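Hi everyone, thanks for making the time.

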Amino acid sequence: MKSVAQRAVLVSLCIALSFAPICMAGPALPRHPNFVVIVADDLGWNDVGYHGSVIKTPNLNRLAAEGVKLEQYYVAPVCSPTRTALLSGRYWSRFGVTTPTNAQCLPFGTTTLASALKSVGYETALCGKWHLGSLPSQGPNHFGFDHSYGSLAGGCGPYNHRYKEGPFTHTWHRDERLLDEPGHITDLITKEAVKFLAGRLDPATPFFLYVPFTAPHLPIKEPQAWEDFDGHIQDPALRLYGACISHMDDGVGKILEAIRHNGHADNTVVVFFSDNGGSISTPNNDTSYPADDYSAMKIPASNAPFRGQKAQVYEGGIRVPALVYWPGPLTPSVVSAPLHVVDWMPTLCGLAGYAPERDLKWDGVNRWPLVTGQERSPAARTLYWVGPNARMSAIRHGDWKLVVKKGATSPELFDLAADPNETKDLAVDQPDRVKTLKALLAQTAARDGDAAVKAGASQDKE
């Protein structure tokens with residue numbers, strides 16, 4: 001048996017290796033690559049052309065063809081939790097965050113992805129939706145972003161940029177100063193991101209640009225030109241929804257062009273994913289939004305072929321389109337092993353050469369070897385989800401997934417290798433496996449709430 005000192009040395013070595021930059025065969029990677037992370041809002045698995053949708057997404061299709069497709073990529077089932085995990089490397093429930101919320105999600109002083117990269121010389125910017133604290137005093141500039149622009153709260157009206165009716169209605173800002181300006185929300189976010197990229201003139205200063213679009217979250221209203229772009233779609237609700245997605249896709253294309261035009265393509269990692277699964281048949285007439293910015297139609301998102309939708313921990317709520325693009329270092333490929341939103345902080349920090357001075361309690365791990373194809377047969381790992389207000393939770397180890405519902409008499413068990421659509425509950429047939437996964441779920445959940453925030457604001461829904 002190893003001594004305490006020997007075990008401590010081994011743990012320290014493992015931590016150091018997990019933070020170290022990843023080396024690849026071939027040309028040496030830049031010491032500090034740039035990072036552009038683009039996040040869609042409520043985009044379903046089957047809402048992109050490269051997964052078979054009738055909605056036109058030519059720029060995402062090109063990224064899929066020329067980059068790395070992550071085909072088992074997981075997020076939280078709703079908005080604020082996914083954003084909490086992205087910026088902390090930890091499961092959202094560690095902070096007591098399980099629902100879309102206007103409350104402050106991260107405690108002041110939290111080491112975020114932005115602040116970590118900033119500490120090693122990165123310039124950091126957010127253009128789009130924050131939704132981790134909807135007051136200016138809780139905004140992105142307090143959590144490591146040098147520049148910030150967009151919505152402090154959740155999904156906003158496309159033209160008036162208002163968030164519902166109530167204390168957080170006025171939410172549009174630049175560097176946490178509220179403002180009013182004309183324009184469609186997708187165009188404004190894109191324009192600000194392109195402007196930021198054009199201003200990066202010093203190649204010695206790397207950057208992290210986070211672009212969380214509000215599309216295709218409701219409320220939706222699109223210029224006629226975008227409905228005409230998807231005019232081949234006969235159903236008017238799907239055509240409007242498709243127009244919103246195609247408009248966002250065009251923004252992605254403009255950002256990619258700005259990266260190329262400004263000489264950053266060889267040194268920039270682009271990541272794209274959705275914050276949760278699509279919202280199926282959700283009414284787009286929520287009257288808590290200002291009346292000029294909603295439609296009486298419904299949102300016809302598609303998570304096919306997976307079961308479930310936004311707010312659920314079935315695959316349709318948490319498994320989303322995801323891509324990584326870096327011409328040269330990354331060649332076109334498909335990664336079929338599981339990745340999770342908590343992995344981005346350790347992965348990008350590893351590429352940037354950031355080593356934390358203390359244990360940040362990351363739940364994620366550096367997955368760059370998997371993205372590059374160096375690691376082709378990863379060991380089985382454990383992944384964990386908590387749904388809104390803990391009504392549902394799930395644990396996955398290897399290919400086996402246990403779903404627990406509050407109030408249900410028994411959990412559900414699925415073999416995702418044989419049944420990725422979760423059509424056959426095997427809990428009765430596999431009692432020992434259920435017992436093992438329930439124990440693992442309890443062990444993993446025991447760390448929840450260890451950094452809970454009590455900001456005094458209500459956890460309003462999106």
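Let's begin with a pair of strands: E1 and E8 run parallel and are joined by five bridges. Please keep in mind that this is a predicted model. In that pairing, Val-39 sits opposite Pro-212 of E8. Val-39 itself belongs to strand E1, residues 34–40.

Is Val-39 buried or exposed? Its relative accessibility is 2%, so Val-39 counts as buried, the cut-off being under 20%. And what does Val-39 touch, once residues up to four places away in sequence are left out? The list is Tyr-210, Val-211, Pro-212, Phe-213, Phe-273, Ser-274 and Asp-275. Phe-273 is worth a click: Val-39 and Phe-273 are 234 residues apart along the chain, yet their C-alpha atoms are separated by 5.2 Å.

On to the helices. In H2, which covers residues 58–66, the buried residues are Asn-59, Leu-60, Leu-63 and Ala-64. Why do they lie on the same side of H2? Because they cover an arc of only 140° around the axis. As for what they pack against, the buried residues of H2 meet strand E2 (68–70), helix H7 (236–261), strand E9 (268–274) and strand E12 (322–325).

Helix H9, residues 344–352, has nine of its nine residues buried, so it is largely enclosed by the rest of the structure. Among them are Trp-344, Met-345, Cys-349 and Gly-350. If you like backbone torsions, look just after H9, where Gly-353 takes a positive phi of about 80°.

Next comes another sheet. Four strands make an open, antiparallel sheet in the order E15-E16-E17-E18. Which strands are at the edges? They are E15 (382–386) and E18 (412–415), each pairing on one side only. From one strand to the next, the twist averages 15°. E15 and strand E16, residues 392–397, run antiparallel and share five bridges. Within that pair, Val-386 stands opposite Ser-393 in E16. Helix H11, residues 431–445, packs on this sheet and touches E15, E16, strand E17 (400–405) and E18. The direction of H11 makes about 110° with that of E16.

Finally, a word about confidence. The protein chain has an average pLDDT of 91, and 88% of the residues score at least 70. Residues 1–27 have pLDDT below 50, and beyond near neighbours in sequence this stretch has 27 contacts in the model. Residues 452–461 also stay under 50, with 27 contacts beyond four places in sequence.

Terms used
Residues are numbered from 1 along each chain as its sequence is written. This is a predicted model: local features need pLDDT of at least 70, side-chain atom pairs count only at pLDDT 80 or more; totals for chains, interfaces and linings use all residues. Side-chain values use heavy atoms; hydrogens and water are left out. Helices (H or I, at least four residues) and strands (E, at least two) are DSSP runs, numbered from the N terminus. Buried means under 20% relative accessible area, exposed over 50%, partly exposed in between (1.4 Å probe, protein chains only). Contact means heavy atoms within 4.5 Å. pLDDT is the predictor's confidence in each residue, from 0 to 100. The arc is that of the directions from the helix axis to the C-beta atoms. Two strands pair if DSSP finds at least two bridges between them. Axes are lines fitted to C-alpha atoms, for helices over the stretch in contact, and angles run from 0 to 180 degrees between N-to-C directions.
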